[in-house]
Amino acid sequence: MKDKLIAFLFKYGAITLLILIICYFTSVSSFFLTYDNFSDILRSISIVTVLALGVTFTLVVDGFDLSVGSTMSLATVFTASLMVWYDLPLWLVLLLPIIVGVAVGLFNSFLIVVIGIPDLLATLSSMYIVAGLHRTYTEGYSIYNHMPLTSGGTAIGAFSNAFLWIGQGHLLGIPVPVWIMMILVLASYCFLNYTRWGRIFYMTGGNAEAATLSGVKVKKIKCMAYVISGIFASIAGVLFTARVGSGQIDAGAPLLMEAVAAVFVGYSVLGAGKPNALGTFFGAAVIGVLLNGLTIMNLPYYAFDIIKGTVLVLALAVTYMYAKNKSSTNSL
Amino acid sequence: MSEVVLEMKKISKSFGQVMALRDGELVVHKGEIHALLGANGAGKSTLMKILSGVYRQDQGEILVNNEEALFQHPRDAKEKGIFCVYQEVDTAIVPQLTVAENIMLDRFSQEKGWFFSRKELHRQAQEALTLLDVNDMDLNQAASNLSLAKKQLVLIARALVQTTKVIIFDEPTAPLSHREAEKLFHVIRQLRGKGIGCIFITHRLPEVFAIADVVTVMRDGRRISTVPIDQITQEMVIEQMLGEVWHEESKIMHSYKRGEEVLALKNINLGKLQNISLNVYEGEVVGIAGLVGAGKTELAKTIFGNTPAKSGEIMVSGKKVQLKHPKAAIACGITHIPEERRKEGLFINETISKNVTFPQLKKYVRAGFMNRKAERKATEEVISTLQVKTKDAEVEVNHLSGGNQQKIVIGKWLSDEAKIYLFDEPTKGVDIGAKREILKLIQQLAKEGKAILYFSSEIQELLTVCHRVLVMYDGKFVKEFTQEKATKEKILLYASGGKEVNHEGQIDRISI
């Protein structure tokens with residue numbers, strides 16, 4: 001009986017929780033279940049979700065990328081600087097930050113694959129290095145339209161409307177960042193679940209030794225995962241800049257742990273038991289809906305972390321209790 | 001005879017459907033060196049793990065000093081004075097601690113109180129080492145600096161600071177040089193003099209006759225005999241170890257005519273592998289015989305490109321190839337069925353289908369996406385050819401029995417492109433029915449013209465399927481037998497480091 005309950009919670013727990021939360025908030029607030037509010041919720045989770053997708057890829061190959069927050073911060077100020085300081089055309093403003101993300105991913109892969117530092121420690125180091133880089137790059141200032149420069153005078157450029165549309169505009173009544181998030185979630189889901197590469201990613205994470213002995217170049221796969229993670233972090237950075245309309249310093253730092261939490265909550269979505277793109281989206285959604293509802297109910301913001309932590313604990317408890325049950329019935 | 005210190009009676013233990021021990025019996029007297037012998041899978045290590053409290057027996061009892069003892073945890077066994085010096089000494093040594101601290105480690109975890117005196121610690125540790133006649137060890141150096149042989153001494157000393165009745169030596173000489181082994185024997189004799197019962201497990205027969213007082217031979221989880229060393233000969237031991245279990249099984253290999261050369265190794269060197277050369281021909285099954293630790297697995301992994309050779313050449317179908325990664329080996333048509341199937345061969349939490357199609361995923365891609373239908377069809381084919389017992393292709397590999405898991409590992413590699421098969425202990429942990437099917441499958445592959453290297457320490461199996469057997473000892477090929485000339489006794493003799501002394505093909509003495 002207890003085993004069955006855990007198995008049920010493992011499969012449908014996160015979704016049941018999401019439905020219960022929505023029902024509860026709908027009953028206490030008439031504003032909660034409205035189109036505007038849901039559009040708000042989705043927009044608020046879009047950046048975290050994109051960041052979390054990158055983390056998902058590294059967790060799939062049994063790695064862990066702690067540097068995504070810093071990479072996002074770097075991409076945020078870099079994007080802003082390209083517009084405000086250098087007044088570059090839009091396509092370069094969108095392309096160059098991605099290249100920065102690729103570079104961070106390659107640096108992480110170098111530490112992990114070539115030098116052999118464990119994933120968590122390597123990306124912890126690069127988290128500091130990249131965070132320091134982005135502060136040094138702006139000399140500690142945030143970047144905004146026509147800002148005064150330390151070299152004297154004011155910056156030549158400003159954010160174009162086309163760029164701000166990416167973060168603030170609507171398409172067919174849905175915010176643009178939500179479109180981008182949806183497309184990336186679906187693309188990641190298809191890649192990981194339906195393509196040959198996705199299969200190789202999961203197998204590498206499941207048993208690197210067996211994968212090697214099946215002819216997979218595990219180092220190459222790990223490198224790919226970290227580069228993808230860097231790219232997603234950069235996209236999150238670009239979105240953030242476009243959403244806020246300025247290059248805020250340290251934008252990504254608070255989002256790192258939220259992204260990681262979303263991925264782990266996602267483990268227990270539909271009984272996957274492993275990192276997965278849809279789960280990551282649901283994880284971000286559960287946390288997003290909960291915070292939105294609690295805000296409507298006037299819960300003070302400083303109590304929010306208690307809620308986030310509790311959701312994470314519940315999700316992890318179900319995942320690991322299920323794994324323990326399963327392994328005890330499987331062992332000889 | 002002196003008094004009995006340990007008695008194990010009718011011990012049985014099964015893992016799932018596998019009976020590892022049926023009737024484990026062992027009687028050890030005070031001050032006796034007791035050799036425990038048996039082929040792989042005879043149940044020696046299971047019996048010893050029960051004795052040291054790692055496993056619990058299903059049935060049977062253990063008497064220490066004629067009192068029944070119940071071991072539920074390794075700590076219980078230690079409290080009764082039973083210690084084990086494991087083969088893998090590094091798992092029991094804490095490298096950062098000093099020699100003295102390592103010797104006294106068990107004391108730390110047992111004694112109450114908050115503080116300990118460094119002086120007292122050193123005095124007791126030194127005392128233990130003196131008992132062993134070891135006077136040249138610096139108590140203050142970190143254990144990580146010690147050689148393997150010295151680490152063993154530390155573990156033995158650790159047992160001596162307690163009231164020890166029995167010490168189990170689990171293949172202690174496997175990693176040692178000849179001189180280090182001699183020294184260890186001196187220490188073991190020293191222990192005998194102190195009245196401690198020593199259980200000595202080894203695969204090297206000459207050592208048994210050099211040191212043991214009593215020999216117990218096990219086979220198929222049973223005790224076959226226990227006799228004083230002066231009443232038994234090497235030939236008798238080998239006969240008892242092998243038994244006649246496989247007698248009804250005739251040689252199932254087909255006659256074969258030597259085809260084209262498919263694989264050639266020339267002077268391969270890597271780590272313990274020394275100057276390995278060999279040729280394998282189309283349709284031929286070549287057995288590589290050797291005991292645990294002889295270097296068979298290392299050789300298989302080198303051929304497969306997982307641990308590329310330091311020097312030497314590998315030729316596939318007459319062409320020199322560079323095998324730096326399994327990917328390159330697979331491209332040359334080489335496949336590898338690894339020894340540690342759960343660790344190296346399978347994705348244990350994935351479905352049969354995902355495991356089977358993994359090496360050739362490209363075949364199942366349609367318009368960029370995986371074609372699940374084609375995958376399932378291919379998997380069902382493998383399931384029916386290899387007679388895997390399963391509900392369907394979407395069952396997790398975890399739920400299959402050992403034999404069926406092994407079939408999946410083999411099934412991964414059944415394709416037209418594969419020319420060379422490396423089987424590393426393919427029947428390990430597999431029941432007798434599946435074993436026979438696997439051996440038949442290997443014969444079938446050979447008939448299709450594949451070249452097969454069969455690495456095994458199961459000599460009877462080698463005799464059953466191989467056209468030719470090469471014997472490995474300590475990283476070198478020491479002997480080659482054709483199918484007609486090979487016998488169990490001769491292979492085991494060479495694999496244990498012995499040599500035939502006279503020329504009539506009869507063994508009368510074994511020497512290293």
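Domain bounds here come from an automatic or database domain assignment. For chain B that assignment gives domain 1 (4-242) and domain 2 (261-345 + 415-495), and the centres of the two, taken over C-alpha atoms, are 34 Å apart.

A bit of housekeeping: this is a predicted model, where local features need pLDDT of at least 70, side-chain atom pairs count only at pLDDT 80 or more, and totals for chains, interfaces and linings use all residues. Residues are numbered from 1 along each chain as its sequence is written, with chains lettered from A and ligands numbered from 1 in the order in which they are written.

6 of its 6 residues are buried, so β9(B) is largely enclosed by the rest of the structure. Buried means that 20 or more other C-beta atoms, placed from the backbone, lie within 10 Å of the residue's own. In a regular strand the side chains alternate between the two faces of the sheet. Here V214(B), T216(B) and M218(B) sit on one side, with V215(B), V217(B) and R219(B) on the other.

What does β9(B) pair with (pairing takes at least two DSSP bridges)? One partner is β3 (residues 33-37) of chain B, parallel, through 4 bridges; there, L37(B) is bridged to V217(B). Another is β10 (residues 222-228) of chain B, antiparallel over 6 bridges, with V214(B) opposite P228(B). β9(B) and β10(B) make a hairpin with 2 residues between them, and D220(B) in the turn has a positive phi of about 50°.

Methods
A residue is buried if 20 or more other C-beta atoms lie within 10 Å of its own, exposed if 12 or fewer, and partly exposed in between; C-beta atoms are placed from the backbone. Two strands pair if DSSP finds at least two bridges between them.
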